[in-house]
Amino acid sequence: CINNLSNLIGAIAQTNNVAGDIPASSHVNDIIALQLAIGENDCDETGNGNNDASCANHLESTNFIDSITQANAADADSADQLNNATIGQALDLVNDCDESDDGVNTASCHVDDVDNLVGPIEQFNEASGSALADISQNNQINGPDVTSAGILQVILATNDCDESGPGNNDAFCDIESVDNDFNAITQANDIDAADDDTVISQDNRASIGQVILAGNDCDESSTAIELNDANCVIDENSDQFIHTVDQTNDAEAQDFSQADQDNNVALSQGLFAVNDCDGTDGNLASCTNNGNDDVNGIEDIDQVNEASLTSNAISEQSNELGISQIVNLVNDCDETDAQLNDATCANDNINNIIGPIEQNSDNSAGDEALGATIAQSNEGQITQELVAVNDCDETGAGSNLAVCRNLPVFNFIDDIDGISQTNDALVADDFVQNNLLAISQDMQATNNCDEFGDGNDGDSGVAQICRNEGGNSIGAISQSNAAQGTEVSDISQNN
């Protein structure tokens, strides 16, 4: 049984361009896309025969959205420009290959090479205005409201290969190369040579959520002496990546103008993987979650505000960033009754990775900006959580020889370029500059391999092996405020 599923949306371009002596110009580009793929193979066997089924959801089953470009350009007295993209992608893939009664379960179940792919996305606004113009520019990747994800990628992958009755469970279940991948976001607002007394508002907002729920359920239960020899793997680059996020606001305006510039990014990644391979009267199961050195990755974030203003013009600039990365891994390989628990449970090469991150605000307020207040802020809130558990208990007369390991499992924030927050302002009356960074890293690695009953933890000279290797790492952090004011300037700077 094989399913190959694909939803494809090609390159999309939306453009508005207006020029002329008109009082106002309003532009909106809006994209809403939903892709859903559901694949199920149901290959159960009941009776005296074996279950030799081969079931697969694979061969590049994909939700794919190619490049998206949204652009607005206006040369008018005033302008209101908006680009919006809302995207949902979901893959729900199930292989159900149970065997009951007298046969052996030798089913082979695969969820391989399946992806949610988006991008790149580019959003541009460009405007110039005359005196007294009111210019608003917004790029947003939002859901129905500002608190929900504008891009949501979800993968549900399950292999269910239980054996019940007087037969071994020799099933092979793997979930490999299951990816949520967002290529790149570029959001840019540009106001060129606006005239006197112009009111400018520029906003970039991007909210992205990625979730993978992966599970292999390969239990063996019997009243006879049978083995669980299942092999359950979640492996080979099953990960989530958000590549480059680039947000830029650039405004150039004349005397008495006002500029409000904001960049906001909210990124969330969650991966939850469970291998459940319990056995009665003997457990030789092998259960592995292998991330191949990464699971959740956010590569490069750059937020920039630039204002070039002349006499008595003022501006307010802010960069905001929120990131949450969660990994929860469980291998549950218990054994009950008289035989050995010789299971191998491993969480290997699992990492949360972020960075580098750069936030920068630059403002030239003008040589005569008396009475102006320049407010600049950079804020970053980052949470990384990694929990890896191996639960390999043995109950009954058999010994517990399980091998359980979590290694290496790490939370990383770029250890080379790290995080940089910079504010720079030239010539104004009062300055308020703030850099705020809050980081929480939680790494928990647990091996729970108890023996209940008459058996031993380790036997016949063979020691039970439990091992953890992990940590939290934060790279270089740079915070800088620079200001040049007048003789009566009030300056507040905080890192």
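Which residue of β35 does Asn411 stand opposite? In this structure, which is a predicted model, Asn411 stands opposite Asn472 of β35. I shall begin with the strands around that pair and then turn to the other sheets and to the salt bridges.

Strand β35 covers residues 465-474, and nine bridges join it to β31 in a parallel arrangement. On β31 there is a further pairing to describe: β27 and β31 run parallel and share 10 bridges. Within that pairing, Cys345 has Cys404 of β31 as its bridge partner.

How many salt bridges does the structure hold? There are two. One of them links Arg405 to Asp348, with the closest N and O atoms 2.9 Å apart. Arg405 belongs to strand β31, residues 403-413, and Asp348 to strand β27, residues 344-354, so this contact ties together parts that lie 57 residues apart in sequence.

Are these two residues buried or exposed? Asp348 has a relative accessibility of 8% and counts as buried, because the cut-off for that class is under 20%. Arg405, at 28% relative accessibility, counts as partly exposed.

The other salt bridge joins Arg467 and Glu469, whose closest N and O atoms are 3.7 Å apart. Arg467 is partly exposed, at 46% relative accessibility. Glu469 is likewise assigned as partly exposed, with a relative accessible area of 34%.

Strand β17, residues 199-217, pairs with strand β21, residues 258-276, in the parallel sense, and 19 bridges connect them. Here Ser207 stands opposite Ala266 of β21. Strand β21 is in turn joined to strand β25, residues 314-332, by 19 bridges, and those two strands run parallel.

I turn now to two open sheets, each built from four strands. The strand order in one of them is β5-β10-β15-β18, and the pairing is parallel. Why is one side of β5 and of β18 left without a neighbour in the sheet? The strands β5 (45-46) and β18 (220-221) stand at the edges and each has a single partner strand, so one side of each has no neighbour there. For β5, two bridges join the strand to β10, residues 99-100, and the two run parallel. Glu45 stands opposite Glu99 of β10.

The other open sheet has the order β22-β26-β30-β34, again with parallel pairing. Its edge strands are β22 (279-280) and β34 (451-452), each of which pairs on one side only. Strand β30, residues 394-395, pairs with β34 in the parallel sense over two bridges. Which residue of β34 is the bridge partner of Glu394? The partner is Glu451.

To close, I return to the opening strands. Parallel pairing connects β27 to β31 and β31 to β35. The salt bridge between Arg405 and Asp348 spans β31 and β27.

Note on methods: Residues are numbered from 1 along each chain as its sequence is written. This is a predicted model: local features need pLDDT of at least 70, side-chain atom pairs count only at pLDDT 80 or more; totals for chains, interfaces and linings use all residues. Side-chain values use heavy atoms; hydrogens and water are left out. Two strands pair if DSSP finds at least two bridges between them. A salt bridge is a side-chain nitrogen of Lys or Arg within 4 Å of a carboxyl oxygen of Asp or Glu. Buried means under 20% relative accessible area, exposed over 50%, partly exposed in between (1.4 Å probe, protein chains only).
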